[in-house]
Amino acid sequence: MRRVCVLQVYPDPVRVVSVGVPVSDLVNSTGLLPTSVELCCGTHLLRTGEIKDFVIVAEKQLVKGISRIVAVTGEEAREAREAGLALAQDVESLSVRLASVIPSLSTAHRLSKEVGQLTDAVDSTAIPQWQRRELQAKLKALQRTTNTAVRKLETKEATRKVQTLLEKHVSETLVVDTVDADSISVVMKTVNQYSERSPGAFVMLLSHQPCGKVLCACQVPKVKRQTARACSL
């Protein structure tokens with residue numbers, strides 16, 4: 001008897017488990033019978049007590065109305081529960097730290113990175129599926145919190161840098177300078193704020209990175225951009 005399971009083709013013959021009706025009767029039958037007929041996908045047990053524990057660790061929808069469920073039993077099930085508990089504690093600890101005031105941009109970036117690492121761990125570790133979904137929802141909310149904190153702190157840092165640059169380049173229409181920044185986002189925010197406060201200035205800011213790279217952002221006055229477009233026409 002040849003049977004096809006979702007995305008899998010079993011060789012001929014294949015072991016089939018039937019409850020209530022002998023398999024031979026099923027083979028010879030031309031109609032549908034009110035009985036359960038299943039492929040042998042892990043029914044090798046003398047008694048159900050050998051399972052000890054049972055944990056669903058994954059569920060994936062293959063097509064509409066059809067899902068694949070992956071479960072573990074015994075020692076693997078116990079390990080999955082323990083792994084889920086450990087990850088839940090890590091998420092709770094991170095949540096508590098994020099609930100307090102984030103003192104600096106570097107701390108915000110570090111916490112955001114931790115959220116990403118925990119998200120990867122939750123996605124890839126064998127833990128109870130119901131717990132995975134709960135932790136994923138919590139981590140998604142924590143990621144939004146860290147992203148908001150990073151944006152606010154970057155804006156504050158850019159404001160401080162702009163004030164220093166304005167004092168250094170008083171009334172200058174061409175500003176080329178370096179700033180100390182760890183991300184291109186801070187450099188861009190600094191350029192944008194400088195242009196807003198000094199709308200007639202051409203601005204180019206560079207930031208040297210420890211890895212040897214240089215971050216760069218620039219801005220041309222809006223009036224000059226409009227003139228350039230008219231000349232190009």
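The model is predicted, so local features need pLDDT of at least 70 and side-chain atom pairs count only at pLDDT 80 or more, while totals for chains, interfaces and linings use all residues. Numbering starts from 1 along each chain as its sequence is written, and side-chain values use heavy atoms, with hydrogens and water left out.

**Stop 1: helix α2.** Select residues 74-99. Helices (H or I, at least four residues) and strands (E, at least two) are DSSP runs, numbered from the N terminus. Helix α2 has 26 residues and spans 38 Å from first C-alpha to last. That is close to the 38 Å expected at 1.5 Å a residue; the expected span is 1.5 Å times one less than the number of residues.

Now color its buried positions: G74, A77, A80, G84, L87, V91, L94 and L98. Buried means under 20% relative accessible area, exposed over 50%, partly exposed in between (1.4 Å probe, protein chains only). Show β5 (54-63), β6 (66-73), α3 (105-124) and α4 as well; the buried residues of α2 pack against them.

**Stop 2: E157.** Move to helix α4, residues 129-168, and pick E157. E157 is buried, at 14% relative accessible area. Beyond residues up to four places away in sequence, E157 touches L105, D180 and V186. Contact means heavy atoms within 4.5 Å.

**Stop 3: K52.** Select the loop between β4 (36-39) and β5. K52 has phi near 65 degrees, positive in a non-glycine residue. K52 is exposed, at 76%.

**Stop 4: S171.** Go to the loop between α4 and β7 (174-178). S171 is exposed, at 73% relative accessibility.
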